[in-house]
Amino acid sequence: MDYPMLSLQDAIGSKLTKDIVNNRGVLLVPASTIIGREHIRILELHEIELTHSDITSIGPYANMEHDHNTNIINEAVLEVGHLFEEVRETRQISLSNFRKNVIPIIQDVATQGNPLFTLFASLQSKDDYTYRHNVAVGAISNLIGNWMGLERNELLQLTTAALLHDVGKMLIPSEILIKPEKLTPEEFSVMKSHTVLGYELLKKTVGVTHRQALVALQHHERMDGSGYPFGIKKEKIDLFSRIVSVADVFHAMTSKRTYRDPSPFYEVLFQIRNDAFGILDPAITKLFIEKIMNSLIGHSVELTDGSEGIILMINANEPIRPLIQISDRYLDLSKELQIHIKQIH
């Protein structure tokens, strides 16, 4: 079978599935290497191309053990699956069941002081993205709301809205919703309608506030006006919607989906940080990244050059590039720009 060639830049952060040798048989890059920019330069120098079969994607939590909350979260995902399928059949939302059977679990796992990355590992979608994503966005939004100091009632409203932000997808045809290939422009137009469908569904649900319904409508709006369905900007997007957007993007990038594998850790945070300069709320994004990185002080990490070390200090000006201790030496990632954090242990 012939595999299509891919851009070498697109291979950064992926793992090689085979040894790469030059035309003389000299080993250039060994199998299982996580490809960085320095490897790309070597491949370009030797005019070597890669196919999709030569690499495999990695996720940020591949070597991390799940904690005791994993089973609890799995149960919540199953319950959300049942409730969302009920929405598909009846076109009605049983808000009382969500509040009774799901919201308390989300609040518990988000507020028990669990290490952030064991929580994120438990929330990471593999083959159940449609339902687990909603639980994850609810939990991550709850975390952000707590960090922002929202009052208890606001936090409950935010968590409920985040859990239901994608409920409109239950009114999208299944062949589009779970299609393994990239959607056609026509299909993507139908998919985008889940924002309006969810808003209309929530607006007629007893017990749902207008602000919660707005989250379903606005979570794909962007600060620079590039989002949908209306292309509104900045403060015209409700605070709850801006929080859910950050949680939504973060979880989507760290999860396996039908058409894409999870991105490596550093790629996720780089993308989130870069998005803060245009499409995501910069204050929320800055807080989110700082909280994640500060929670990692003392954690063991694997770097893209194959070395392992411990995060000692977070750089205030560049939090995603901390100071790492590797045996008896120190590595400042803010100065070693070709090296990144690959995975958290």
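Are phenylalanine 250 and phenylalanine 288 buried or exposed? Phenylalanine 250 is buried, and phenylalanine 288 is too. Buried means under 20% relative accessible area, exposed means over 50%, and partly exposed lies in between (1.4 Å probe, protein chains only).

This is a predicted model, where local features need pLDDT of at least 70 and side-chain atom pairs count only at pLDDT 80 or more, while totals for chains, interfaces and linings use all residues. Residues are numbered from 1 along each chain as its sequence is written, and side-chain values use heavy atoms, with hydrogens and water left out.

Start with the aromatic rings. The whole structure holds five aromatic pairs. Rings of Phe, Tyr and Trp (its six-membered ring) pair if their centres lie within 6.5 Å; planes under 30 degrees apart are stacked, over 60 edge-to-face, and the rest tilted. Phenylalanine 188 sits in helix α9 (residues 185–192), and tyrosine 228 in the loop between α11 and α12, 40 residues apart. Helices (H or I, at least four residues) and strands (E, at least two) are DSSP runs, numbered from the N terminus. Phenylalanine 188 is partly exposed, at 40% relative accessible area. Tyrosine 228 has 15% relative accessibility, so it counts as buried.

Now return to the opening two. The rings of phenylalanine 250 and phenylalanine 288 have centres 5.0 Å apart and planes at 85°, so this pair is edge-to-face. It links helix α12 to helix α14 (residues 282–294), across 38 residues. Phe120, Trp147, Phe250 and Phe288 make up one aromatic cluster.

Charges meet rings as well. A charge sits over a ring if NZ of Lys or CZ of Arg is within 6 Å of the ring centre and within 35 degrees of the ring normal. Lysine 192 lies over the face of tyrosine 228, 5.3 Å from the ring centre. The charged end of arginine 211 sits over the ring of phenylalanine 240, at 3.6 Å from its centre.

Next, the strands. Five of them form an open sheet in the order β10-β9-β8-β7-β11, with antiparallel pairing. Two strands pair if DSSP finds at least two bridges between them. β10 (329–332) and β11 (341–344) stand at the edges with a single partner strand each, so one side of each has no neighbour in the sheet. Four bridges join β9 (residues 323–326) to β10. Isoleucine 326 stands opposite arginine 329 in β10.
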